[in-house]
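I opened my notebook to look through one protein structure.

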Amino acid sequence: MMYFARWKQAAILLVCLLGMLVSLPNLLPRASFPDWFPVRQVALGLDLRGGSYLLLEVDTSVLLRERLEGLVESARRGLNQATPRVGYTGLSANADQRRVQLRLTDPAQRDVALRVLRDMANSVNVGGGATQPDIEVVAAADGLITATVTEAGLRAKATNAVEQSIEIVRRRIDETGVVEALIARQGANRILVQLPGVEDPARIKDLLGRTARMTFHLLDDTANLSAATPPPGVLFLQGERAGSEERYAVRRRVEVDGANLSDARAAQDSRTGEWVVNFTFDGVGTRRFAEVTRQNVGRPFAIVLDEKVITAPVIREPITAGRGQISGSFTVRTANDLAVLLRAGALPAPLTVIEERTVGPELGADAIRAGMISMAVGTVVVFLYMGLAYGLFGWFANIALLFNIVLLIACLTLLEATLTLPGIAGIVLTLGTALDANILINERIREEVKLGRSPINALEAGYTKASGTILDANLTNLIAMACLYGFGSGPVRGFAVTVAIGTIVQMWTATVLTRLMVVWWYRARRPKELPVIERPGLSLGQRLARPLFRLVPDITRIPFMKGARVGLMVSAVLSLASLAGAFYPGLEKGIDFKGGIVMEVRTEQPADLARLRSAVSALNVGDAGLQQFGDDRTILLRLPAPEDEAQTQPVVNRVRGALEEASPGVRILRVEAVGNRISDELFRGGLIALGISLVAMLLYIWARFEWQFGVAGIITLILDTTKTIGFMVLFQVEFNLTTIAAILTVVGFSVNDKVVVFDRMRENLRKFKTMPLRDLVDLSIDETLNRSLGTSMTLLLSALPLALFGGETLAGFAWVMVFGIVVSTSSSVFIAAPIVLYTGRRSLRRAEADTSRPGAAPAAR
C-alpha cells in the first residue's frame with residue numbers, strides 16, 4: 001500500500017496537472033480566447049451575476065378543448081356533406097369526459113356516421129413503431145355516438161405542444177436580443193427560462209405569456225350580435241383595442257392560418273404616419289389568401305389575434321401578392337412586439353409564469369463578494385487548524401485540499417456547470433468535509449505509533465484501517481446529496497452536485513494524493529520516528545513539523561455511559577418540545593414553501609416605510625409586510641400569493657409601479673414570485689427528500705453493521721433533525737429549500753460521525769471478547785474523540801465564515817449548519833452510543849460468541 005509504481009505516480013501527477021489546466025480558463029474572460037479555441041468555463045448563476053429565472057407552465061387543458069371544438073366543427077361539416085346527409089341532434093363536447101357526442105335521428109345511418117367520425121382521427125405513435133387513432137368512436141343501440149379522445153392521443157398532443165412551445169419561446173427570446181439565455185424542459189409540461197442580465201423581465205414575460213395565434217376569418221352578416229349565444233359555427237369576439245365594446249360575429253372556420261406567415265415587420269404607414277405591422281405569406285398562405293379574397297370581394301375579413309379581433313376591413317379587391325398590413329392603435333414598441341410574436345410563431349397553448357426569481361447585478365456583486373470572503377476566511381482558518389493540529393501530515397492534507405478544490409472546479413468546468421450562491425456554500429463546506437478523511441488517517445497513524453509499530457508499518461496500517469471507515473462515512477453523505485438532487489430544484493441541485501463531486505474528489509486526494517506525498521517524504525528522509533507525537537527539546541522547525549496542540553488528551557477515560565439515561569431523557573424532551581414548536585407557533589416557511597411575492601427594494605434616501613406601505617396597501621393585493629433589511633435604504637416587501645396563479649405577474653407589475661411612484665428612483669434588487677401550487681410541490685419534494693434520505697441511511701447502516709447500530713443510527717438522526725427544526729422555530733430561521741439543504745448536510749455529517757464510532761465499536765467487539773459492553777462503548781468513544789471533535793472543528797471553521805460573512809441569503813443556511821454540527825457530535829456520544837448499549841447488551845455479545853465457533857460466519861466488515 002505504501003509502494004507506488006512509476007506509472008501510478010505519473011498518472012496521479014497527470015490528473016493534478018489536467019485539473020489545473022482545465023480550471024485555468026475560469027481565471028480569464030471568454031473574450032480573451034480565440035473563437036476556435038474549445039474553452040469550457042463555469043458559468044455564474046443568476047444570483048451572482050444578476051438576471052431572471054422564469055418557470056413557465058403549458059396549459060394543456062386548452063389543447064383538449066381545442067381538439068374537442070375541432071371535432072364538433074368537423075363532425076357538423078362532415079355529416080352535413082355526407083351522401084346521403086346524416087340527420088342528428090345534440091352535437092356537443094364534454095371536456096370533463098374528453099368526448100364529443102351526438103344522437104342520430106335515423107339509426108339506420110349508423111355506419112355512415114361512424115365512417116365520417118372515424119375519418120377525423122389522427123394517428124399517434126405509441127412506441128415501437130406502432131400507431132393508433134387519437135379518438136375512439138363508439139355507437140350505442142339507441143343511436144348515441146361518442147368520440148372520445150384517448151389517453152395516448154392527449155399525451156402525444158401535450159408532448160408535441162411542449163416541444164413546440166420550447167422552440168417558439170427560444171425564437172421569441174432570441175428576437176429580443178437577450179444573449180446566453182437558457183431554455184429547457186422541466187417535467188412533463190413546464191419550461192425553464194433563465195435570462196442573464198435581465199433585471200426587469202416584464203416585457204419578456206408579456207411576450208411569452210401571449211399565445212399570438214393569428215387567424216383570418218370571414219364575418220357572419222346574418223348573426224344577431226345582441227343574442228346571448230352565437231349560432232352554430234359562429235363565435236362572438238370582442239375588439240382588440242383597449243376599452244372597445246365592439247362585438248364581431250366571426251365564423252369558426254379558419255380561412256387562412258397565421259402559421260403560413262413567412263415574415264412580419266413593424267413600419268410606419270406612409271400615408272397616415274401611424275405604426276403598422278406588414279406581413280408576408282409563404283407559398284401556401286399566398287395561394288389560400290388570394291383564393292379567399294377573390295371569392296369574397298365586398299365582404300368583411302377579420303384578423304383575429306388570441307381570440308380578439310384586431311381589425312375587420314372589407315375586401316375591396318383580390319389580394320394575390322401574399323402581402324398585407326395590420327393597423328391599429330400601435331406604438332413603436334407594441335408594433336415591434338407584435339412583429340416579434342408573428343415571426344416567432346404562435347404558441348400551441350397558453351403559458352403561465354408560475355415561478356419568478358429576479359436578481360439585480362448590484363445584489364449579485366454583493367453575493368459574489370460575500371461568497372469570496374467566506375471562502376477565503378474559511379480556507380485560512382481550516383488550513384491553520386490542520387497544520388497546527390497535525391503538523392507535517394496536516395500540511396500535506398492542506399496541499400491535497402488545494403488540489404481537491406482545483407479538481408472540483410475542473411469537474412464543474414467539464415460539466416459546464418452553473419455556480420450559484422448555494423454552490424459557493426458547497427465549496428466552502430467541502431473545505432471542512434474534505435479533511436475528515438485526513439483526520440481519520442492521521443489519528444490512525446498516531447494510534448499505531450503509540451502501539452510501538454515501526455514508521456513504515458504505522459503508515460501502512462493507518463491508511464489501510466482508515467479506508468473502510470472513510471468509504472462508509474462518505475457514502476452516507478453521497479446518499480443525502482442524491483436525495484437532495486432528486487427532489488430539490490434550481491440552485492439547491494447545484495449545491496448537491498458541488499458537494500457530491502467534492503466528496504468523491506476528496507476521497508481520492510485523501511487516500512491517494514496524500515499517501516503519495518507521504519511516500520516521497522519517507523523515501524527522502526527515512527525517519528526513525530514519525531512526526532505525529534509531541535516531543536520536548538526540539539528546534540522550532542522540528543516543533544512546526546509536529547502537532548502543536550490536541551483538542552483532548554490522547555488517553556481519556558471518560559465514563560460517558562454513566563450519563564446515558566440522562567442524555568436520552570434530555571434529548572427526548574428537547575425533540576418533543578421541538579416537534580410541538582413545529583406545529584405551534586410553527587416554522588417560518590419561506591417563499592419556496594408557502595408561495596407569495598418577495599421584493600427587495602433600495603431607495604435613494606432613507607426609506608419612508610409608512611408611505612411605501614400605504615402605496616402598496618392601496619392596490620388591494622393582500623396583507624403587505626414591509627421591513628428594513630440591512631440598512632435604512634433597503635426594504636423587504638412580502639405579499640401573499642394570489643389565488644389565481646395567472647394574476648401573480650400582474651400583481652408584481654402593479655406593486656413595482658406603485659413603489660416607483662411613491663419613491664422616485666427606487667431600485668428593485670430582487671423579485672421572487674412563487675405560486676401556491678409550485679410552493680406545495682417544493683414543500684412536498686423537500687419533505688420527501690428528508691424522509692428518503694433517513695430511510696436510505698438506515699438501510700445502509702443496517703447492511704454494513706448489526707441491526708442495533710441501524711436502529712441507533714435512525715433514531716439518532718430523527719432526534720437530530722427534530723432538534724434542528726426546533727432551533728429554526730426558536731430563532732425564526734426561514735424553512736426553505738436552502739435550509740432543507742443544510743438539514744440534509746447535517747444528516748449526512750451526523751451519520752458520518754456515527755459510522756466512525758460504530759466502526760470502532762465493531763472493531764473492539766472483535767478485539768475484546770470479554771470486556772463488558774458498557775466499558776467497551778466508553779473505550780470506543782474515548783478512542784475516536786479526537787477524530788470526532790477534529791472533524792467537527794473543521795466543519796465549524798468552514799461554516800462560521802458563511803454565517804458571519806455570507807450575507808442574508810446564506811445566514812440561515814450557515815447557522816443551521818453550525819447548530820446541526822454541534823448537535824450531531826454530541827448525539828453520537830449521548831444518544832447513539834447509549835441506544836447501542838441498551839439494545840445490544842446481550843445480543844451483540846451473543847453474536848460475537850457465535851462467530852467464534854468453527855464454521856460460523858465472520859462479523860460484518
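**Entry 1: salt bridges.** I searched the whole structure and got 34 salt bridges. I kept in mind that this is a predicted model. Then I picked out some pairs to look up.

I began with Glu-255 and Arg-253. Their side chains meet in a salt bridge, at 3.6 Å from N to O. Is Glu-255 buried or exposed? Glu-255 has 10% relative accessibility, so it counts as buried, since the cut-off is under 20%. Arg-253 is partly exposed, and its relative accessible area is 41%.

Next I looked up Glu-355 and Arg-357. This salt bridge has an N to O distance of 2.7 Å. Glu-355 and Arg-357 are both buried.

Entry 2: I then turned to Arg-670. Which residue forms a salt bridge with Arg-670? The partner is Glu-600, and the closest N and O atoms are 3.0 Å apart. I checked where each one sits. Arg-670 is in strand S25, while Glu-600 is in strand S22, which covers residues 596-602. The two residues are 70 residues apart, so I noted that this pair links distant parts of the chain.

I checked burial here too. Arg-670 has 14% relative accessibility and counts as buried. Glu-600 has 5% relative accessibility and also counts as buried. Salt bridges with shared partners join Glu-355, Arg-357, Asp-592, Glu-600, Arg-670 and Glu-672 into one network.

**Entry 3: the sheet.** I looked up the strands next. I found an open sheet of eight strands with antiparallel pairing. I wrote its order down as S9-S10-S2-S20-S25-S22-S24-S23. Which strands stand at the edges? They are strand S9 (182-186) and strand S23 (625-629). Each has a single partner strand, so one side of each is left without a neighbour in the sheet. Neighbouring strands of this sheet are turned by 20° against each other on average, with direction ignored.

I reminded myself of the general rule. Strands of a sheet pair through backbone hydrogen bonds, either parallel or antiparallel.

I then followed one pairing. Strand S20 (residues 351-359) pairs with strand S25 (residues 667-674) over five bridges, in the antiparallel sense. I also found Glu-356 standing opposite Ala-673 in S25.

Helix H6 (residues 202-209) lies across strand S2 (51-58), strand S10 (190-196) and S20. Helix H6 runs at about 165° to S20.

**Entry 4: a nonpolar patch.** I moved to the surface. Leu-14, Leu-17, Leu-18, Leu-21, Leu-24, Leu-27 and Leu-28 form a nonpolar patch there. Together they have about 690 Å² of accessible area. Leu-14 lies in helix H1, which covers residues 6-23. Its relative accessible area is 47%, so Leu-14 is partly exposed.

**Entry 5: the whole chain.** I finished with the totals. How many helices and strands are in the protein chain? I counted 24 helices and 25 strands. The C-alpha trace spans about 110 × 70 × 60 Å along its principal axes. The chain has 861 residues, and 52% of them count as buried. Its accessible surface comes to about 38,800 Å², and 58% of that belongs to carbon and sulfur atoms.

Terms used: Residues are numbered from 1 along each chain as its sequence is written. This is a predicted model: local features need pLDDT of at least 70, side-chain atom pairs count only at pLDDT 80 or more; totals for chains, interfaces and linings use all residues. Side-chain values use heavy atoms; hydrogens and water are left out. Patches are made of residues with over 30% relative accessible area and no salt bridge: like charges are joined within 9 Å, nonpolar side chains (Val, Leu, Ile, Met, Phe, Trp, Tyr) within 5 Å. Accessible areas come from the Shrake-Rupley method with a 1.4 Å probe; for residues, only the protein chains shown count as cover. A salt bridge is a side-chain nitrogen of Lys or Arg within 4 Å of a carboxyl oxygen of Asp or Glu. Helices (H or I, at least four residues) and strands (E, at least two) are DSSP runs, numbered from the N terminus. Buried means under 20% relative accessible area, exposed over 50%, partly exposed in between (1.4 Å probe, protein chains only). Two strands pair if DSSP finds at least two bridges between them. Axes are lines fitted to C-alpha atoms, for helices over the stretch in contact, and angles run from 0 to 180 degrees between N-to-C directions. Contact means heavy atoms within 4.5 Å.
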